Amino acid sequence: MLSQLRVERTSVSRWSQVDWGSLGFGGVYADHMFTLEYRDNAWGNPQIRPYGPVPMAPGVASLHYGQTVFEGLKAFRGVDGVIRLFRPDANARRLAESCQRLCMPPLPDGWFEAAIEALVAVDQAWIPCGAGESLYIRPLMIGIEEHLEVRPSREFLFVIMTAPARIYFKNEGQGVALQVQEHYTRAAPGGTGFAKTAGNYAASLLPGQCSNAAGYDQALWLDGVEHRYIEEVGQMNIFFRFADTVVTPPLRGTILPGVTRDSILTLLAEQGIACEQRLLSIDEVTAGIESGLVREAFGAGTASVVAPIGRIGYQGRDYRIGNGGTGELTAQLFNQLTALQYGETPDSHGWIRQMAVTEASPVD
Ligand code: COI
């Protein structure tokens with residue numbers, strides 16, 4: 001497994017140029033990247049090398065037709081100094097499913113996790129240690145064959161880059177504001193909605209801009225057929241707490257099967273909190289908010305962890321959820337997940353992959 005891995009370390013680290021006191025999300029990359037190439041029906045030439053441009057002709061098909069998939073996961077520096085990856089096996093499985101939908105070759109078993117561990121080991125000094133901070137890991141696969149026919153590429157590049165980051169949404173007391181998207185559609189049955197592929201995100205850019213211009217953080221997607229049922233938020237799955245029951249949209253091919261979503265379902269079940277995965281109409285949500293039945297709502301995703309939703313705009317009206325801030329269950333789930341990720345509570349689920357620490361942490 002990755003036995004041919006070549007490692008070329010940078011001669012000049014960019015670590016000291018980073019403003020570690022004000023990390024954003026994905027604006028700065030660590031020193032190295034992992035690359036792997038697919039040619040003649042086989043993956044090969046694994047390398048860890050300095051992060052930088054990958055030469056590519058403008059004629060490669062993925063730039064034209066969007067044959068790309070990506071993933072997102074995190075490495076954490078625990079309170080005990082130990083480095084932990086959260087559920088990399090789940091991301092490996094989802095990558096394989098995205099690849100299948102996009103006609104891309106899956107990685108050989110175990111290579112995804114091995115590559116991530118090797119890269120994070122080399123750049124472990126880049127794992128930040130502030131509250132809510134982590135090393136965000138972004139694996140990406142793209143077709144790199146030069147051709148303009150609309151058909152799958154026969155050559156691919158798999159790259160993993162990492163970025164020290166804070167949680168996606170700054171939670172400054174206010175929950176995220178969502179605007180229901182009443183016109184545009186993110187995904188339709190039979191489409192690529194469940195795959196982590198660029199086109200889904202490209203489709204969300206204009207609606208996202210419209211929501212921002214109207215004073216909201218994000219668009220909230222409805223189903224593409226009736227524009228009636230809640231689906232997801234651009235980069236998060238969504239959960240609503242109706243009295244003592246949590247409701248989240250089901251996986252039926254149009255929303256991302258989030259690893260955080262899955263983890264939350266497990267945590268809820270373990271605590272005996274009822275959770276329904278079912279169709280949930282926007283009318284049921286707005287009526288529930290008005291009657292007080294909807295006590296809280298939150299988004300769940302790797303980048304955003306568990307993000308409180310403060311208000312929802314729909315048909316020109318604003319529906320404020322609870323006090324607009326962080327609900328009790330939202331805070332509880334956030335704390336439970338992050339306690340596992342930072343090693344504050346033992347992992348009874350087999351979700352954590354611990355890594356050896358071989359370099360001093362940045363604060364040592
Ligand atoms: C993640 O949560 O890892 C994502 O992929 C969201 C990203 C598009 C910001």
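A: Let's start with Glu231 and Arg252, which form a salt bridge whose closest N and O atoms are 3.9 Å apart; bear in mind that the model is predicted. The two residues come from distant parts of the chain: Glu231 sits in strand 11, while Arg252 belongs to the loop between strand 13 (245-248) and helix 5, 21 residues apart. Their surroundings can be read from the accessibility values. Glu231 has a relative accessible area of 5%, so Glu231 is buried, the limit being under 20%. Arg252, at 44%, counts as partly exposed.

Salt bridges can also share partners, and one network of this kind joins Glu145, Glu149, Arg151 and Arg154.

Back in strand 11 (residues 230-233), Glu232 has a partner too. Glu232 forms a salt bridge with Arg186, with 3.0 Å between the closest N and O atoms. This pair again links distant parts of the chain, since Arg186 is in the loop between strand 9 (176-180) and helix 4 (198-213), 46 residues from Glu232. Here Glu232 is buried at 2% relative accessibility, and Arg186 is buried as well at 8%.

Arg84 counts as buried at 6%, whereas Asp80 is partly exposed with a relative accessible area of 44%. A search of the whole structure finds 22 salt bridges. As a general point, side chains of opposite charge can pair when their charged atoms come close.

Helix 5 covers residues 259-270, and its 12 residues reach 17 Å from the first C-alpha to the last, close to the 16 Å expected at 1.5 Å a residue. Its buried residues include Val259, Ile264, Leu265, Leu267 and Leu268, along with Thr260, Arg261 and Ser263. Just after helix 5, Gly272 takes a positive phi of about 70°.

Now for the aromatic rings, where the count comes to 14 pairs. One of these is Tyr38 with Phe156, an edge-to-face pair with 5.8 Å from centre to centre and 65° between the planes. Tyr38 is in strand 2 (residues 32-39) and Phe156 in strand 8 (residues 156-165), so this pair links parts of the chain that are 118 residues apart. Tyr38 counts as buried at 13% relative accessibility, and Phe156 counts as buried at 2%. Phe239 and Phe298 are stacked, because their ring centres are 5.0 Å apart and their planes meet at 10°. Phe239 lies in strand 12 (residues 237-242) and Phe298 in strand 15 (residues 294-301), so the pair ties together parts that are 59 residues apart in sequence. Phe239 is buried at 0% relative accessibility, and Phe298 is buried at 0% too. Elsewhere, Phe25, Tyr136, Tyr168 and Phe169 form one aromatic cluster.

To finish, here is a look at the surface. Tyr65, Leu148 and Val150 form a nonpolar patch there, with about 340 Å² of accessible area together. Leu148 is placed in the loop between strand 7 (134-143) and strand 8, and Leu148 is exposed, with a relative accessible area of 55%.

Conventions:
Residues are numbered from 1 along each chain as its sequence is written. This is a predicted model: local features need pLDDT of at least 70, side-chain atom pairs count only at pLDDT 80 or more; totals for chains, interfaces and linings use all residues. Side-chain values use heavy atoms; hydrogens and water are left out. Helices (H or I, at least four residues) and strands (E, at least two) are DSSP runs, numbered from the N terminus. The expected span of a helix is 1.5 Å times one less than its number of residues. Buried means under 20% relative accessible area, exposed over 50%, partly exposed in between (1.4 Å probe, protein chains only). Rings of Phe, Tyr and Trp (its six-membered ring) pair if their centres lie within 6.5 Å; planes under 30 degrees apart count as stacked, over 60 as edge-to-face and the rest as tilted. Patches are made of residues with over 30% relative accessible area and no salt bridge: like charges are joined within 9 Å, nonpolar side chains (Val, Leu, Ile, Met, Phe, Trp, Tyr) within 5 Å. Accessible areas come from the Shrake-Rupley method with a 1.4 Å probe; for residues, only the protein chains shown count as cover. A salt bridge is a side-chain nitrogen of Lys or Arg within 4 Å of a carboxyl oxygen of Asp or Glu.
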